[in-house]
Every structure is written in C-alpha cells, then in structure tokens.
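Biologist: I would like to learn how to read salt bridges. Could you walk me through them?

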Amino acid sequence: MKDFALNARAVASSTHQVYTADKAVDGVVSNESRWISAAKPGPHTLTIELAAKAPIGCLQLVSGWCPEGAWIHPVASFRFEARSEGQWKAVPGAAAAGNRRHAWECRLKEPVTADAIRLVALDDGYVRVAAVRAFAFDAKGMYPPVAPPIEPDVRHGTLCISGIY
C-alpha cells in the first residue's frame, strides 16, 4: 500500500541540530533519523506536501525516542490537519491529548482528500517524530501495521521495541 508521505517534501516550524523535517518521512525509524523541534513552547508543526491530491484513509505517527531499548516521550497532544483547495481543516478523529503511545494510528471512516497534511504538536519543549505515514483510503481497513520496521539505534546499538502498538 502506498504511503503518500514517504519521501515527500517536509517543512517544520523549527529544528533541533541535524534532526530535520525530511527525516520524519524518509522511511527509516531510528533515533538518528527523526525530526526534533526546537525546545520551546508549542505548538510545533510538521507540514508534508504530497506529490498530488490523495484520498487519505489512515494516518500513522511514530514519536519519541529510544535511549535504552524502549520508546519514551511520545508526542502527547497533537492533531492532524489536511489541506485541500488551499484550506486547512482538522482531520476528524486524528487528534490526541495525553497520548502515551509511541506508535499511534487513526483509521478514518471516510477518506479525506488532501494535497498536504500537517502535524500540529501542542507539547512544549522538544517534539520527536520518527515517522509520519499517510495511506490511501481502504474500505476494508487493510493498512500496514503502525508498528515500525525498527532500525537498530546507531549510538546505543539497541533494538527499540515496545509492546504498545
């Protein structure tokens, strides 16, 4: 199934060091390949320009970091927005407050047609996003699992796995 966000143009409201927006859509889930915002009050935004209008049916977010073999500090409060005809609108159901899962997914009841999607993270401080994925609508709800194909952490040599998917 096509991930419309994969390798799409990504722009962030801020960036910490080498952790640029493009790393959130490069298909690699690791500590080294993720977007990190500046450590300042939210909101923080990550805008993903899709190659063309697309009927989005599933949004996935992998966030946080993995220092010792377990994911911690996922984005706690956020929403996804979709742009169509130049207008940004909240994606129904694609929001969380008090999120504690590093691997989060929203399967939409109806497709949302968009030429861009935007993650609006309301957290203060660093926001760490390893992946944003946007899949085409599937009436049967057949989407790839949100559990990421996890890459070994280069600095720690660990494989980060969480039982929360």
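Biologist: What is a salt bridge, and how many does the structure hold?

Modeller: A salt bridge is a side-chain nitrogen of Lys or Arg within 4 Å of a carboxyl oxygen of Asp or Glu. The structure holds 6 of them. This is a predicted model, where local features need pLDDT of at least 70 and side-chain atom pairs count only at pLDDT 80 or more, while totals for chains, interfaces and linings use all residues. Residues are numbered from 1 along each chain as its sequence is written, and side-chain values use heavy atoms, leaving out hydrogens and water.

Biologist: Is arginine 83 buried or exposed?

Modeller: Buried means under 20% relative accessible area, exposed over 50%, and partly exposed in between (1.4 Å probe, protein chains only). Arginine 83 is buried at 18%, and glutamate 49 is partly exposed at 21%.

Biologist: Which residue forms a salt bridge with arginine 118?

Modeller: That is glutamate 81, with the closest N and O atoms 2.6 Å apart. This pair links distant parts of the chain, 37 residues apart: arginine 118 is in strand β6 (residues 103-121) and glutamate 81 in strand β4. Glutamate 81 also meets arginine 79 in a salt bridge, at 2.8 Å, N to O.

Notes: Helix = DSSP H or I, 4+ residues; strand = E, 2+ residues; numbered from the N terminus.
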